[in-house]
Amino acid sequence: MVKVYCRNTGTTRSFVEGLTLLEILSDFEFEQPYRILSAKVNNISQGLKFKVFNSKEVEFLDYRSYAGRAAYSRSLCFLVGKAAQDVFPGSRISLRRPISKGYFCQLHKADGSAPDPGDAALISARMREIVEEEIPFRRHEVRREEALQLFMEKGYEDKVKLLETCDDIYITYYSLKDTVDYFYDALVPDTGYLQVWSLDNYEDGMILRVPDRHHPEQLAPFFEQPKTFECFRETVTWNRYMDLSTVGDVNKACLEGHANELIRVSEALQEKKLVQIAEEINSRFHNSENPLKVVLITGPSNSGKSTVCRKLSTQLMACGLRPEFFSTDDYFVNREDTPRLPDGSYDFDGFDTVDHALLERDVMRILAGEEVEVPHYNFVTGMREYNGKKISLQPRTILMIEGIHALNPMLLPGVPRERQYRIFINTITSISLDDHNCIPTSDNRLLRRVIRDYNMGAFTAVQTIRQWPNVRRAEVKWIYPYQETADVLFNSAYLIEFAVIRNHAERVLATVPKNCPEYSEAHRLLTFLHYFLPVPDKEIPPTSLLKEFVSGR
């Protein structure tokens, strides 16, 4: 007999060896408003078909948890891939970065013919049939050579490249009747679990929509994101030109000695974009009817705002402008006046954390021609200080303001929109592990934050991971709603970023104890990073945005 402690109930029960989590679940009674999709076993995410042979601690999870959503989404990706093959034999579906809480996917038919607007409806109908059949997802663990042979026979070049460049001895793949696929983590037990989704035409492909994270019984709301999609398309198009659409492609390029070349090209692409932005700002600055006065820059946590601001300032100076820069962080209210979250901790991300009334007064005075002393926030004392920094608009001077609330229309309501230039910095990961395994949209930012916090001695990896959900919630509330109001979106992600970060992240994530809840996320990130061949960062230029995170500066 084995003992299983259930965190959902706080109780322990004994079971015969070899039962699955799904079989064990029925013996624990607790409130289940939504169907259980996966579990954490000793703080490691597992599927419900995981068999228990030793005493364990288990926490059962539904869609409202990250692990539950991930298992559901992976299974849904398998479902759409199988349905596409059933309807269009020999075809394949490629899924790329999530767009508006859904997955953008494209159908590639075997005969090379262009997709038809009616294809989504045909695939969707087949998906519904498969869901109704409640077909089990079967897990197979085989030697790496056997898996590679299977995927080569199926023509899955993306999976072959990925697995050829990782060092696993055994490979786990899944089957859905006669269709096989590879996923780097667990799926739900069967297709009957996949009740809420839709597949709709979108741009030159389709959007696979998923349930709402807070209300899994309904679809997540869909919002048009034309600027975000265009930024994504721009990066994907370049990747396609270079034959670098998946991690396997990038790994192969690194093995062939092209890592330094990829670093240089990534740097050049970002500099090229900054030059274009600077030239547009310069053009609008000299507009005689509505001269540009303020450049506002924002982005989510660890998107590289500070470095982008410095590099853009250099490009603006090359255009003959004189940028004057300050951050909304310097207008934080004193620590004792900082709003608090429901749990009593400080809310450092809310709009009222900034003394926006004072900030607006100072900006309006500067724009009116006055010389204004601006504050500096002392994060050690939690106090706003005045140290003699003064700003005034001299000839050819342009004001630059950076901060998480910079695009919030409530920040500077007195500045006409035509006098503002708005920049949103994001990290749009353009590659996938393979055609059916997308990279989570915020993983590079979380890894950047874990490394920088640790190197600076600010927070341990445990503390950073623990705080991350609060950071993400604040971003969804205060930052992303204004993404599409930007004049331009700047992508700060690097094609080879994860390969460089791996060298730094592994040692930091290894400090997370296995007996704490944050180990689950650390383990997931370590598993994910092992797919990337490590690339030393000695070739990264000292001015690179990545240096902001890996050097501890």
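**Helix packing and salt bridges in a predicted model**

T464 sits in helix α12, residues 461–478. Helices (H or I, at least four residues) and strands (E, at least two) are DSSP runs, numbered from the N terminus. The model is predicted: local features need pLDDT of at least 70, side-chain atom pairs count only at pLDDT 80 or more, and totals for chains, interfaces and linings use all residues. Residues are numbered from 1 along each chain as its sequence is written, and side-chain values use heavy atoms, with hydrogens and water left out.

T464 is buried, because its relative accessibility is 2%. Buried means under 20% relative accessible area, exposed over 50%, and partly exposed in between (1.4 Å probe, protein chains only). Neighbours within four places in sequence aside, T464 is in contact (heavy atoms within 4.5 Å) with R449, V450, D453 and F459.

Two packed helices are described by the angle between their axes and the distance between the axes. For helix α13 (residues 497–509) and helix α14 (residues 519–529), the axes come within 10 Å and cross at roughly 145°. Axes are lines fitted to C-alpha atoms, for helices over the stretch in contact, and angles run from 0 to 180 degrees between N-to-C directions. From α13, the residues F498, R502, A505, E506 and L509 take part. They meet A522, L525, L526, F528 and L529 of α14. The residues of this contact divide into eight nonpolar, no polar and two charged. Here Ala, Val, Leu, Ile, Met, Phe, Trp, Tyr, Cys and Pro count as nonpolar, Asp, Glu, Lys and Arg as charged, and the others, Gly among them, as polar.

Side chains of opposite charge can pair when their charged atoms come close. The structure holds 39 salt bridges. Each is a side-chain nitrogen of Lys or Arg within 4 Å of a carboxyl oxygen of Asp or Glu. One of them joins R126 and D86, at 3.0 Å from N to O. R126 lies in helix α3 (residues 119–133) and D86 in helix α2 (residues 66–87), so the pair ties together parts 40 residues apart in sequence. D86 is partly exposed, at 30% relative accessible area. A network of salt bridges links K82, D86, R126, E129, E133, K177 and D178.

K109 pairs with D119 in another salt bridge, the closest N and O atoms being 3.0 Å apart. K109 lies in the loop between β9 (102–108) and α3, and D119 in helix α3, 10 residues apart. K109 is buried at 17% relative accessibility. D119 is also buried, at 5%.
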